[in-house]
Amino acid sequence: QVQLVESGGGLVQPGGSLRLSCAAAGNIASIDVMGWDRQAPGKQRELVARKTNGGDTNYADSVKGRFTISRDNAKNTVDLQMNSLQPAATAVYYCHAGPPAILTLSGASDSWGQGTQVPVSS
């Protein structure tokens with residue numbers, strides 16, 4: 001079991017920046033990938049960014065070049081720097097943690113935080 005707590009969300013004006021943080025607790029050893037999803041009003045939850053323990057990253061096409069994911073393995077945290085935010089980025093952002101694929105065979109599963117609101121509005 002992994003518990004994830006997001007922070008840093010809040011109202012931001014179009015063109016502004018925001019940095020989200022997530023702290024993981026619990027079965028930290030089970031975590032390989034960490035990152036962020038988001039769910040916009042009336043939309044499906046989507047992947048925003050991921051970063052593995054090995055440093056590999058991937059981003060949704062919609063955020064490439066504007067969002068940057070970072071991890072601090074010693075502190076068990078993952079951050080998301082969001083720049084040039086536009087109203088389309090308005091969503092609840094969820095921290096994510098996932099185990100190595102091999103561990104899913106023995107019962108490990110993905111975890112998400114409660115979510116933090118990011119309204120992008122003037």
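Colleague: Why is Leu 105 called exposed?

Modeller: This is a predicted model, so every value is computed from it. The relative accessible area of Leu 105 is 71%. The cut-off for exposed is over 50%. Leu 105 is therefore exposed. Its place is in the loop between β8 and β9.

Colleague: Which residues make the nonpolar surface patch?

Modeller: Ile 102, Leu 103 and Leu 105 make it. The patch covers about 320 Å².

Colleague: How do you know whether Leu 85 is buried or exposed?

Modeller: Its relative accessibility is 0%. Buried means under 20%. Leu 85 therefore counts as buried. Leu 85 sits in the loop between β7 and β8.

Colleague: What is Leu 85 in contact with, leaving aside its neighbours within four places in sequence?

Modeller: Its contacts include Val 12, Pro 14, Leu 18, Phe 67 and Val 120. Contact here needs heavy atoms within 4.5 Å. Cys 22 is 19 Å from Leu 85, C-alpha to C-alpha. Those two are 63 residues apart in sequence.

Colleague: What makes Trp 36 buried?

Modeller: Trp 36 has 0% relative accessibility. The limit is under 20%, so Trp 36 counts as buried. Trp 36 belongs to strand β3. Its C-alpha is 9.4 Å from that of Leu 20, which is 16 residues away along the chain.

Colleague: Which members of the largest nonpolar core touch the most other members?

Modeller: They are Trp 36, Leu 80, Met 82 and Tyr 93. The core has 28 residues. The elements that give it two or more residues are β1, β2, β3, β4, β6, β7 and β8. Take Tyr 93 as an example. Beyond its neighbours within four places in sequence, its contacts include Leu 20, Trp 36, Leu 80 and Met 82. In general, nonpolar side chains tend to be buried together in soluble globular proteins.

Colleague: How do you know that Cys 22 and Cys 95 form a disulfide?

Modeller: Look at the sulfur atoms. They are 2.0 Å apart. The rule asks for within 2.5 Å. A disulfide therefore joins Cys 22 to Cys 95. The pair links distant parts of the chain, with Cys 22 in strand β2 and Cys 95 in strand β8. They are 73 residues apart. Both cysteines are buried. The count by this rule is 1 disulfide.

Colleague: Why is the disulfide called left-handed?

Modeller: The torsion about the S-S bond is about -85°, so the disulfide is left-handed.

Colleague: What makes Asp 79 and Arg 19 a salt bridge?

Modeller: The N to O distance between their side chains is 3.2 Å. The cut-off is within 4 Å. The pair therefore passes. Asp 79 lies in strand β7 and Arg 19 in strand β2, so the bridge ties together parts that are 60 residues apart in sequence. In general, side chains of opposite charge can pair when their charged atoms come close.

Colleague: Are Asp 79 and Arg 19 buried or partly exposed?

Modeller: Asp 79 has a relative accessible area of 16%. That is under 20%, so Asp 79 is buried. Arg 19 has 41% relative accessibility.

Colleague: How many salt bridges does the rule count?

Modeller: The count comes to 4. One of the others joins Arg 50 to Asp 37, with the closest N and O atoms 2.6 Å apart. Arg 50 is in strand β4 and Asp 37 in strand β3, 13 residues apart. Both residues are buried. Another joins Arg 38 to Glu 46, at 2.8 Å between the closest N and O atoms. Arg 38 counts as buried at 6% relative accessibility. Glu 46 is partly exposed at 34%.

Colleague: What is noted about phi at Asn 76?

Modeller: Phi is near 55° there, a positive value in a residue other than glycine. Most residues other than glycine have a negative phi. Asn 76 lies in the loop between β6 and β7. It counts as partly exposed at 24% relative accessibility.

Colleague: And what is the phi of Ser 84?

Modeller: It is about 50°, also positive, and Ser 84 is not a glycine. Ser 84 is found in the loop between β7 and β8. At 37% relative accessibility, Ser 84 counts as partly exposed.

Terms used: Residues numbered from 1 in each chain as written. Predicted model: local features only at pLDDT ≥ 70, side-chain atom pairs only at ≥ 80, totals over all residues. Heavy atoms only, no water. Core = buried A, V, L, I, M, F, W, Y, C linked by side-chain atoms within 4.5 Å. Buried < 20%, exposed > 50% of the residue type's maximum accessible area, 1.4 Å probe, protein only. Helix = DSSP H or I, 4+ residues; strand = E, 2+ residues; numbered from the N terminus. Patch = residues over 30% accessible without salt bridge, like charges linked within 9 Å, V, L, I, M, F, W, Y side chains within 5 Å. Areas by Shrake-Rupley, 256 points an atom, 1.4 Å probe, with all protein chains shown as cover.
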